[in-house]
Amino acid sequence: MGACGSVMQDEALKEQARIHRQIEKSLEKKKSALLEQSVLLIGPGESGKSTVLKQIRAMCGGYTKHELEEKKLLILRNLWTFSDMLLEYVIKNYLDMNETDKKKYKVMIEELKFCVMSGGHMGDELAETVKVFWLCAPIQEAYEKRNTYHLTESAGYFFENIDRIKMPDFQPTNQDIVRIRVPTTGVVTADVILKNIKLSVIDCGGQRQERRKWYHYFDDVHAVLFVAAISEYDQKLVEDESVNRMDEALNLYHIVFNGKYFTKAACILFLNKIDLFREKVKSVSIKKFHPGFEGANTAEDGAKYFRRKFRDGMHPDFKKRLYCHETCAISDQVQIIINTVIDTVVQENLKDTGMI
Ligand SMILES: Nc1nc2c(ncn2[C@@H]2O[C@H](COP(=O)(O)OP(=O)(O)OP(=O)(O)O)[C@@H](O)[C@H]2O)c(=O)[nH]1
Ligand SMILES: [Mg+2]
């Protein structure tokens with residue numbers, strides 16, 4: 001080939017490279033415009049939706065100083081309400097506590113309330129009383145029965161950490177924050193940047209009176225994450241004492257995934273509180289509360305059974321699109337699963353738009 005031919009080939013190659021760069025650039029542009037993803041968190045009350053959101057916040061750098069101060073107060077508020085619930089159970093059920101102690105602990109609860117109201121800290125004297133209260137036999141007995149009157153699992157964690165919480169310079173850790181219990185009312189939206197994605201997480205209140213607000217978000221989200229607490233198979237709803245929490249979760253799930261809504265969104269199911277489930281199956285029969293269960297009373301057989309129950313009643317279009325994970329939302333390990341979920345959501349949406 002002569003000099004002229006080789007110059008022409010160089011030019012052609014340069015042009016090809018330029019076009020390639022242009023395509024890459026426009027693809028990148030399209031992709032980054034796409035990488036605004038929204039995830040809707042739904043499921044029954046107390047299943048762990050807000051805890052998942054807290055883990056996402058932790059993955060994005062955590063909290064401001066002001067937010068940490070707010071969390072500190074929420075921890076004190078939790079200690080106040082948990083103490084109140086425990087003492088009320090003791091009194092209502094005539095557990096063995098003398099009148100002097102009852103009076104002393106009523107004063108303690110008032111002092112905790114005052115701490116919350118005045119934004120202060122506990123101090124040594126109050127903290128010591130709370131410790132004695134927590135360790136006394138009738139309160140321990142009331143804690144054992146916690147599932148019967150909706151005392152949240154996290155109560156024990158905060159009482160056991162009083163020595164740290166009482167300090168004036170106490171800084172809540174991520175583990176403290178994920179244990180806080182505040183029922184969500186309405187809808188809380190958090191916009192975060194995670195893995196180069198603008199993620200809008202919509203956290204809905206899960207109790208019955210909150211659910212009508214969910215519907216407004218059904219059309220527009222890229223993914224829906226349904227959180228069900230697998231450990232609650234023996235518990236009753238806070239809103240209706242005649243309904244089993246697992247039955248409520250299954251009903252709700254099948255209403256949501258009936259084929260009408262979320263026709264394009266990625267569908268994810270978290271069978272959450274797997275840590276509590278593993279402990280509970282050692283002493284609480286699954287069959288007693290779910291007569292259809294025929295397996296051994298183990299975490300493995302139980303989880304397989306409930307996983308199938310969620311899948312079985314689902315509209316066929318959704319079955320093949322469902323991603324199911326067993327999770328413990330209070331463990332930082334869940335952040336690995338959240339990462340996988342986000343990758344899945346992005347992949348699904350890029351596939352839908354023909355980008356990959
Ligand atoms: N042990 C354990 N506790 C959990 C887990 N996930 C959440 N929790 C605790 O369960 C309680 C309820 O969690 P939330 O995240 O507030 O529940 P929610 O689904 O947002 O509840 P609503 O806002 O009422 O709908 C909190 O005290 C959490 O610390 C888990 O996997 N294991
Ligand atoms: Mg919530």
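Which residue places a polar side-chain atom 2.8 Å from an oxygen atom of ligand 1?

## Polar contacts of ligand 1

In this predicted model, the residue concerned is Arg181, with a polar side-chain atom 2.8 Å from an oxygen atom of ligand 1. Thr184 contributes through its backbone: a polar atom there is 2.8 Å from an oxygen atom of ligand 1. On the nitrogen side, an N or O atom in the side chain of Asn272 lies 3.0 Å from a nitrogen atom of ligand 1.

Taken on its own, ligand 1 has 660 Å² of accessible area, of which the protein covers 99%.

## The pocket and its shell

Ligand 1 takes up the space of the largest pocket. Elements that supply two or more residues to the shell around ligand 1 are α2 (49–59), α9 (174–179) and α11 (274–280). Of these, α2 provides the largest share, 3 residues.

There are 25 residues around ligand 1, and those that come nearest are Lys49, Thr51, Val178, Thr184 and Gly206. By class, the shell comprises 11 polar, 8 nonpolar and 6 charged residues.

## Aromatic pairs

Across the whole structure, a search finds 21 aromatic pairs. One of the pairs joins Phe226 and Tyr253 in an edge-to-face arrangement, with 5.0 Å from centre to centre and 85 degrees between the planes.

Phe226 belongs to strand β4 (residues 223–229) and Tyr253 to helix α10 (residues 245–256), so this pair ties together parts that are 27 residues apart in sequence.

Methods:
Residues numbered from 1 in each chain as written. Chains lettered and ligands numbered in written order. Predicted model: local features only at pLDDT ≥ 70, side-chain atom pairs only at ≥ 80, totals over all residues. Heavy atoms only, no water. Near = heavy atom within 4 Å. Polar contact = N/O pair within 3.5 Å; in protein donor to acceptor, adjacent residues only side chain to side chain. Areas by Shrake-Rupley, 256 points an atom, 1.4 Å probe, with all protein chains shown as cover. 1 Å grid on protein atoms, 1.4 Å probe; cavity = no way out; pocket = protein on both sides within 12 Å on 5 of 7 lines; lining within 4 Å. Sits in = over half its atoms within 2 Å of the grid points. Helix = DSSP H or I, 4+ residues; strand = E, 2+ residues; numbered from the N terminus. Nonpolar A, V, L, I, M, F, W, Y, C, P; charged D, E, K, R; others polar. Phe/Tyr/Trp six-rings, centres within 6.5 Å; stacked < 30°, edge-to-face > 60°.
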